[in-house]
Amino acid sequence: MFEGALLTVAIVFLFLHSWRSTIITGLTLPISVISAFIAVYAFGFTLNFMTMMALSLCIGLLIDDAIVVRENIVRHIHMGKDHVSAARDGTEEIGLAVMATTFAICAVFVPVAFMKGIVGKFFFPFGITVAVAVLVSLFVSFTLDPMLSSIWKDPPRNPLIRLPVIGHLMRGTDRLLDAMHAVYEWLIGWVFSTRRYRLWLPAIGVWAALRQRRLAALRPRRATITPRGVVLWAGVASFVGALALAPLVGSEFIPDADNSYISMNVRMPVGTSLARGNEKMKQVEELVRALPEVRLVSTQVGDVDGSRNVGNLSNQLVKRSERERTQKQVEEAIRKAIAPIPGADVSLGQRPIFVSLLGPDPKVLDAEVLRLADKIRGIKGITDLETSVKPGLPAYAVRIRPDAVRELGLTPTQLAASLRSFVNGDVATYWTAPDGEQVEVELRLPQLLRENVAQLDSLPVAYAKDGTPVALSRVADVVPVINPEVIKRQDLQRRQAIYAGVTGRPSGDVGKEVRKLVDATQLPPGYRFDMGGQSKEQAEAFAGILLALGAAVIFIYIVLASQFGSFLQPLAIMASLPLALIGVMLALLVTHSTLNLFSMIGLVMLMGLVTKNAILLVDFANHGRRAGLATAQALLQAGLVRMRPIMMTTAAMIFGMLPLALALDEGGEIQAPMGRAIIGGVVTSTLLTLIVVPVIYSYLDDLATWAKRRIARGPATGAAGGAMPQHMPASKE
């Protein structure tokens with residue numbers, strides 16, 4: 001969080017060339033964060049993973065409103081106004097745009113805060129924390145920043161520009177902005193020029209042939225397209241390309257994190273004694289300790305998950321910065337090292353694949369589960385596969401002879417109680433020690449009389465009327481049996497299950513292939529599959545996020561329509577939303593991240609962030625249109641004037657989230673996809689918004705003009721829609 005705040009403040013200093021402006025805008029950060037802490041306390045939240053992640057993401061966002069307000073005030077000062085007038089006029093001019101951007105962000109996070117399910121419980125404090133922080137930043141931008149700007153004046157000359165390093169950076173920033181202004185002016189001139197480019201579109205000929213029902217018309221037709229059309233279709237192509245990249249990115253529920261900790265379960269054959277299991281676990285422990293990355297090993301033998309033939313190893317690795325191999329690579333090394341040990345099945349970490357089969361007959365369940373497990377083993381990425389089908393525990397059952405028991409007047413409960421006293425023992429009484437401590441006195445047979453099953457036959461389990469002891473062999477038979485290790489039920493039915501881990505591939509992609517196998521498997525009547533684990537959680541979480549995303553888009557439109565007083569202009573602003581998707585996919589693909597719970601939340605957050613640039617552009621273009629400028633001239637002026645705050649807010653958001661995206665801390669891989677998705681989306685949406693949004697704005701302006709003429713004059717004659725006049729001079733084409 002602190003690294004992002006320092007980088008954000010440095011960006012403000014480089015762009016505004018003033019330490020006073022840096023302090024004025026930077027004050028928003030501590031005030032907003034402290035206010036968020038107050039909100040966390042008021043709502044009964046804690047400083048946990050979600051609230052701290054919300055504040056980390058907000059660092060680049062909280063300062064945006066202050067940057068825009070302060071930059072506009074500085075612009076009015078450079079126009080020759082005094083500081084008081086510049087603070088008042090600059091804040092008033094930019095007020096609508098700043099409020100619209102902040103309310104759009106709140107409109108995004110209100111649905112996120114009220115998502116259903118376990119994910120909603122997690123992200124409720126996340127959404128509330130972000131919403132409160134940005135609302136406080138808006139309040140500070142409209143009160144404290146203008147007040148300080150009106151009384152804290154910058155000197156007429158900037159002495160910092162003469163410093164060796166800082167001066168070079170400032171001048172370099174100015175030269176970069178000048179170059180961007182020149183390029184942007186040329187691009188807008190080309191976009192709104194009257195040039196037309198020829199296209200060969202065979203589809204037009206096919207359409208004409210279908211309409212005219214003549215094969216002669218089935219030939220390529222020539223068509224032309226304007227630069228505006230080129231830009232519009234380029235924006236559409238970026239959205240389609242983003243959708244095409246989604247399968248290459250892959251999906252999973254929660255990304256794997258390198259937290260320097262590996263949990264291992266070792267399963268030995270059923271019936272393994274504790275002594276034998278201890279020997280096996282010592283072999284495994286020695287091999288694990290031999291790895292240089294392992295710092296500490298804690299071993300537990302028996303009584304793991306209710307089974308005596310299972311052991312657990314908790315392995316603490318050295319810090320990530322002190323080892324060359326990642327946690328995943330260490331896990332693969334452990335698997336290879338333990339593979340030669342016979343009778344030890346090892347599973348490491350979480351196993352996201354879980355498929356259960358429900359039905360009445362245990363034999364059918366076992367056969368079907370084993371058949372499906374063989375198919376699942378063939379899926380690329382599957383590892384540590386295990387089924388709940390086990391050979392069972394060897395045991396002895398006491399089969400009672402009904403006639404003999406009835407003759408002696410015994411009951412099964414009495415026989416069971418007698419055998420339990422002989423073998424397991426019962427507490428007969430308590431003895432008080434000299435120090436006053438109560439000691440249990442347990443009564444049972446000596447060890448020599450209960451070493452084998454044959455000795456049970458001679459045990460006296462009852463007494464005849466004449467006092468003669470009755471041996472167990474007279475009333476019951478002791479026979480060997482195989483008992484199931486554990487009987488599991490789900491929905492009042494027997495259940496067998498398949499567990500598997502994933503390595504080398506996103507767990508979501510592997511889960512989809514498993515789902516296809518499950519759907520393609522034919523089962524007897526009365527049996528059904530039920531997929532759980534992370535696949536089920538991922539489907540529920542993604543469904544909730546997509547629902548929140550749809551609600552956020554609707555709320556954003558309502559907010560923008562109310563702020564701008566128009567039903568069409570919000571469409572131009574919201575066109576920046578799909579333009580961010582290509583950046584998200586490219587960023588995740590390049591950084592080998594996936595579409596997971598956190599990157600999807602980052603995508604939702606983008607819905608509020610990427611509209612900021614479009615709002616600034618459209619708001620200033622509206623000022624130009626009201627001043628009498630043509631559409632293209634108003635858009636060009638808006639882009640040139642708003643270029644600096646747009647670049648400043650974009651750079652602030654990127655550098656504010658850069659520490660999060662780099663995953664510098666232990667376990668940072670969980671949050672990193674969120675930062676990477678936001679950075680990629682902000683970059684592409686900024687570049688595309690400056691070109692595509694003006695084009696859509698102009699089309700919507702033409703549509704509004706055509707609609708007004710149609711309503712005023714009735715049905716139009718001639719070309720509908722009215723081509724745009726030549727907005728730009730020929731020299732700018």
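Thr-689 is buried, at a relative accessible area of 1%. Buried here means under 20% relative accessible area, exposed over 50%, and partly exposed in between, with a 1.4 Å probe and protein chains only. The model is predicted, so local features need pLDDT of at least 70 and side-chain atom pairs pLDDT 80 or more, while totals for chains, interfaces and linings use all residues. Residues are numbered from 1 along each chain as its sequence is written, and side-chain values use heavy atoms, without hydrogens or water.

Thr-689 lies in helix H25. Helices (H or I, at least four residues) and strands (E, at least two) are DSSP runs, numbered from the N terminus. Contact is defined as heavy atoms within 4.5 Å. Beyond residues up to four places away in sequence, Thr-689 touches Ser-576, Leu-579, Asn-613, Ala-614, Leu-617 and Pro-694. Met-574 is 115 residues from Thr-689 along the chain, and their C-alpha atoms are separated by 9.9 Å.

Thr-383 counts as buried at 13% relative accessibility. Its contacts, leaving aside neighbours within four places in sequence, are Arg-335, Ala-500, Gly-501, Val-502 and Thr-503.

The protein as a whole contains 25 helices and 17 strands. Its radius of gyration is 36 Å, well over the 27 Å that the globule rule gives for 733 residues, so the protein is more spread out than a compact globule. The radius is taken over C-alpha atoms, and the rule is 2.2 Å times the number of residues to the power 0.38. The C-alpha trace spans about 125 × 85 × 45 Å along its principal axes. Of the 733 residues, 50% count as buried. Among contacts with a separation of 6 or more, 77% join residues 24 or more positions apart.

Charge was examined next. The protein has 72 positive and 59 negative side chains. Lys and Arg count as positive, Asp and Glu as negative; His and the chain ends are not counted. The centres of the two sets lie 12 Å apart, with each charge placed at NZ of Lys, CZ of Arg, CG of Asp or CD of Glu.

Side chains of opposite charge can pair when their charged atoms come close. A search of the whole structure finds 28 salt bridges, each a side-chain nitrogen of Lys or Arg within 4 Å of a carboxyl oxygen of Asp or Glu. One of them joins Asp-65 and Lys-612, at 3.6 Å from N to O. This pair links distant parts of the chain, 547 residues apart: Asp-65 is in helix H4 (residues 49–78) and Lys-612 in helix H23 (residues 611–626). Both residues are buried.

Glu-93 forms a salt bridge with Arg-75, with the closest N and O atoms 2.7 Å apart. Glu-93 lies in helix H5 (residues 83–113) and Arg-75 in helix H4, so the pair ties together parts 18 residues apart in sequence. Glu-93 and Arg-75 are buried.

A salt bridge also joins Arg-228 and Asp-702 (3.4 Å, N to O). Arg-228 is in helix H10 (residues 227–249) and Asp-702 in helix H25 (residues 672–713), 474 residues apart. Arg-228 counts as buried at 11% relative accessibility, and Asp-702 is buried at 13%. Elsewhere, a network of salt bridges links Arg-267, Arg-351, Glu-386 and Lys-390.
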